[in-house]
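Here is a short briefing to read beside the structure. Keep the sequence and the 3D view open as you go.

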Amino acid sequence: MRVFVTGATGFVGSAVVQELLRAGHQVLGLARSDAAAQALTDVGAGVHRGSIEDPESLTSGAQQADGVIHMAFIHDFSRFEENCEKDRQAIGVLGAALKGTNKPLIVTSGTATARVNTGRLVTENDLADPHGQNFRVASDLAVAKLAEQGVRVSLVRLPPSVHGEGDHGFVPLIIAMAREKGESAYPGDGENCWPAVHRFDAARVFVLALEKGAQNAIYHASAEEGVPFREIATMIGKHLNLPVVSKNAQEAAAHFGWFTHFASLNNPTSSQITRDVLGWKPEQQDLLTDIDTAGYFK
């Protein structure tokens, strides 16, 4: 299968490209820059120049492929709502290009688009909350709209922490905050849970979802249902030789700033349906082991 991949040189996207090639597929990766194009060429993937803000490049890339995996997202959280809207628009463009072809489209979202901060386990049967505070829900709703139009589309939700060597996401950000503030903090009792997955395990979910080609399916790439935030903070404090402290709501806001919402997220998430349907079995090490051993403190 020839697969068009957006976000193909990202932290997770590059792992997806590797997994696709390993499974015998051809890859056409979206590249915004010469460096991204070279990275794709170096691993044996094809290059398609453009960006998710360029509808023509998305349409032509999708039309050249037998299936699409959409992973690109603009990770500027100061413009999170705006970037979620751009993602919604990109999903619509890709879906329009594939409408009537029966070619699969796999779209990326997050586990926190469904029920959060309730303490209840989120499953693949939980739909996005259109009235929630997570603007990323726009991606889920765009997928649902395409499914109603007959597009062969499925959704893969990633947890807050997709970890592994080279991670430049939330955990490195928390480490940087701890270094700056001189203490490793957690909100309240720290029992709020983050689901987590290693990027290579996550990549396998995307490839299996593509190959199964289900329509209007939701998959969860969560290897761990929930890691208490306090345990993450404790591991960071251990490596930085810093005190590990609890913060009340006001103190947490001062410590974490714009990240307070994410630090306080309670999002225990099941992937049992994904495991049963796709035959997925995570094989990589867990989040705390990765933080302990995978070079997060270099």
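Is glutamate 19 buried or exposed, and at what relative accessibility? Glutamate 19 counts as buried because its relative accessibility is 13%, and the cut-off for buried is under 20%. Keep in mind that this is a predicted model.

**Glutamate 19 and helix H1**

- Glutamate 19 belongs to helix H1, which covers residues 13-22.
- Buried residues in H1 are Gly13, Ala15, Val16, Val17, Glu19 and Leu20.
- The cover over these buried residues includes strand S1 (2-6), strand S2 (26-31), strand S4 (67-70) and H7.
- Setting aside neighbours within four places in sequence, glutamate 19 contacts Ala203, Arg204 and Val207.
- Glutamate 19 and valine 205 are 186 residues apart along the chain, yet their C-alpha atoms are separated by 9.9 Å.
- The side chain of glutamate 19 also makes a polar contact of 2.7 Å with the side chain of arginine 22.
- Just after H1 comes glycine 24, with a positive phi of about 95°.

**Arginine 199 and helix H7**

- Arginine 199 is part of helix H7, residues 199-212.
- This arginine 199 is buried but has no salt bridge.
- Its nearest side chain of opposite charge is glutamate 165, 7.5 Å away. A salt bridge needs a side-chain nitrogen within 4 Å of a carboxyl oxygen.
- Not counting residues up to four places away in sequence, arginine 199 touches Phe11, Ser14, Ala15, Val162, His163 and Glu165.

**Aromatic rings**

- Two values describe a pair of aromatic rings: the distance of the centres and the angle of the planes.
- The whole structure holds 13 aromatic pairs.
- One of them joins phenylalanine 256 and phenylalanine 259. This pair is tilted, at 6.4 Å centre to centre and 50° between the planes.
- Phenylalanine 256 and phenylalanine 259 are both buried.
- Tryptophan 258 and phenylalanine 259 make an edge-to-face pair, with 5.6 Å centre to centre and 85° between the planes.
- Why does phenylalanine 259 count as buried? Phenylalanine 259 counts as buried because its relative accessibility is 0%.
- Ring pairs link a cluster made of Phe73, Phe80, Phe135, Phe170, Trp194, Phe229, Phe256, Trp258, Phe259 and Phe262.
- The ring of phenylalanine 73 has the charged end of arginine 136 sitting over it, 4.1 Å from the ring centre.

Terms used
Residues are numbered from 1 along each chain as its sequence is written. This is a predicted model: local features need pLDDT of at least 70, side-chain atom pairs count only at pLDDT 80 or more; totals for chains, interfaces and linings use all residues. Side-chain values use heavy atoms; hydrogens and water are left out. Rings of Phe, Tyr and Trp (its six-membered ring) pair if their centres lie within 6.5 Å; planes under 30 degrees apart count as stacked, over 60 as edge-to-face and the rest as tilted. Buried means under 20% relative accessible area, exposed over 50%, partly exposed in between (1.4 Å probe, protein chains only). A charge sits over a ring if NZ of Lys or CZ of Arg is within 6 Å of the ring centre and within 35 degrees of the ring normal. Helices (H or I, at least four residues) and strands (E, at least two) are DSSP runs, numbered from the N terminus. Lys and Arg count as positive and Asp and Glu as negative; His and the chain ends are not counted. Contact means heavy atoms within 4.5 Å. A polar contact is a pair of N or O atoms within 3.5 Å; within protein, one must be able to donate a hydrogen and the other to accept it, and residues adjacent in sequence count only if both atoms are side-chain atoms.
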